[in-house]
Amino acid sequence: MTPLDFVISLGLISVAAGMLGSLVGLGGGVVIVPVLTLLFHVDIRLAIGASIVSVIATSSGAAAAYVREKMTNLRAGMFLEVATTTGAVTGAYLTTLLPTRFLFLLFGVVLAYSAVATFQRRRAAAPLSVSSDRIANVLELHGEYFDEAEQKEISYKVTGTKLGLFMMYVAGLVSALLGIGSGALKVPAMDLAMHLPMKVSTATSNFMIGVTAAASAGVYFARGQIDPIISAPVAIGVLIGATVGSKVLGKLKSHVIRLIFVVVLIVISLEMLQKGVF
Amino acid sequence: MRLTRRPPETEEQAKVMNEKIRMTEITISLVLRIGVALSVAIFIVGLVVMFAHHPAYAKLSGSLSFHSLTSPSSQFPHSFSGLWNSLAKGQGRGIIVLGTMVLIITPVLRVAVAIVSFSIEKDPAMTIVTIYVFAVLILSFFLAGA
């Protein structure tokens, strides 16, 4: 395979990764890392660097549309970034202290549990109409959005901000430690702990993952993990895919998004467990 | 001192508030759009320059494998001085790394814009929140020591 073949095929695969990522609020690393390592036999360190690029591209590409359409909860997203960026910076300096295999096993189990819990919440879909959460009330984190599939305005209240913050801190840590899985913990934090509607959770996760990834991107760049011949096709492809995907989210039913997310979560969980065991 | 946004008292104030919030959303969306468009343009120029300099790369079939460019020993800029050197030589890989920089900076700029927007909305709590996030991001780049 010549460099041109590589750039073209990786670019096309990245379009699919961007579409999927923009729908479920993940960075597309779930597609990019295995494709690069298993299909193209690229070094895992470079694949993780490409995953960081893919996360930022998905985030900026999709969030441009989601913010404008009010699908993103801007205030909640910015507030929770306090925890994710702090986690990302601490994580970058814990890498050498903690055994990676143990971390993969641990988060494999955590994500498997999140997948089950997210699936079980499919029936409790009605958003909250009152909240006694002090932080959410003081900072006015509640919101509303227009659901294209339901053809109505949906307003919702936010709760569980403390648990949400804790889960977001862990999400930032994981993103920096393992280079993958940051969005995989953000969506459950908002969906399960804070009771945001599913589409708002994925759109807000999408908005946040770019900032989390940017907080660890400097380290990856300095370590020489961001290879231009990989990052160019990944970024271009993902940006195209995310722009297309962001037009689709509104039209899909919430339970469809939830199901796609659960399936992706199970795949990431298995990938992590496999890395932990072997 | 009042930490939260003062609730609007009249309908007129509520309208002005909503317009400010809408402005914030549109500005943030615009920053992201510009960052995305600019980085894609730079990536495309970088790829074109790289393939133009290395005609052997640009063949659809042949013996040259991309693995020579994606091995841990591959040469590409991963520091600011390396990036300037590469750009000065007009290398495609340097241009692509520049595009990656624009892509990485975009979310950081979006946070900076939010600081301004929240202070215009007279919302001290959210302004502090965004200043903190911005500071951590800047710190992360210094800690990386690129």
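1. Contact here means heavy atoms within 4.5 Å. On that basis, 59 residues of chain A are in contact with 67 residues of chain B. The structure under review is a predicted model, and the remarks below should be read accordingly.

2. The extent of the interface can also be stated as area. Chain A and chain B bury about 5,400 Å² between them. Carbon and sulfur atoms account for 75% of that buried area.

3. One salt bridge links A:R75 and B:D123, with the closest N and O atoms 2.6 Å apart. A:R75 belongs to helix α4 (residues 74-92) of chain A, and B:D123 sits in the loop between α3 and α4 (124-144) of chain B, so the pair joins two chains.

4. A further salt bridge is formed by the side chains of A:K70 and B:E25, where the N to O distance is 3.2 Å.

5. Rolling a probe the size of a water molecule over the atoms shows where empty space is left. In the whole structure, the search returns 2 cavities of 30 Å³ or more. The second largest cavity holds about 40 Å³ of space.

6. Which residues line the second largest cavity? Chain A supplies A:S59, A:S60, A:A63 and A:F207, and chain B supplies B:L32, B:P107 and B:R110. By class, this lining comprises 4 nonpolar, 2 polar and 1 charged residues.

7. The lining of the second largest cavity can also be described by helix. At least two lining residues come from each of α3 (44-68) of chain A and α3 (92-120) of chain B. The largest share, 3 residues, is that of α3(A).

8. For chain A, an unreviewed UniProt entry places the feature "transmembrane region" at residues 7-40, 46-67, 79-96, 102-119, 163-185, 205-222, 229-249 and 255-273. The predicted coordinates may be compared with two of these annotated spans. Residues 102-119 of chain A are 100% helix and 0% strand, with their end C-alpha atoms 26 Å apart. For residues 205-222 of chain A, the span is 100% helix and 0% strand, and the end C-alpha atoms lie 26 Å apart. A:F207, one of the residues lining the second largest cavity, falls within the annotated span 205-222.

Definitions and conventions:
Residues are numbered from 1 along each chain as its sequence is written. Chains are lettered from A and ligands numbered from 1 in the order in which they are written. This is a predicted model: local features need pLDDT of at least 70, side-chain atom pairs count only at pLDDT 80 or more; totals for chains, interfaces and linings use all residues. Side-chain values use heavy atoms; hydrogens and water are left out. UniProt positions are given in the numbering used here, feature names are shortened, and annotations may be inferred rather than shown by experiment. Helices (H or I, at least four residues) and strands (E, at least two) are DSSP runs, numbered from the N terminus. On a 1 Å grid over the protein atoms alone, a cavity is a set of points where a 1.4 Å probe fits but cannot get out, and a pocket is an open set with protein on both sides within 12 Å along at least five of seven lines; lining residues have an atom within 4 Å of a point. Grid points are joined across faces, edges and corners, and a volume is the space filled by probe spheres set on the points. Ala, Val, Leu, Ile, Met, Phe, Trp, Tyr, Cys and Pro count as nonpolar, Asp, Glu, Lys and Arg as charged, and the others, Gly among them, as polar. Buried area is the accessible area (1.4 Å probe) that two parts lose on being put together, summed over both. A salt bridge is a side-chain nitrogen of Lys or Arg within 4 Å of a carboxyl oxygen of Asp or Glu.
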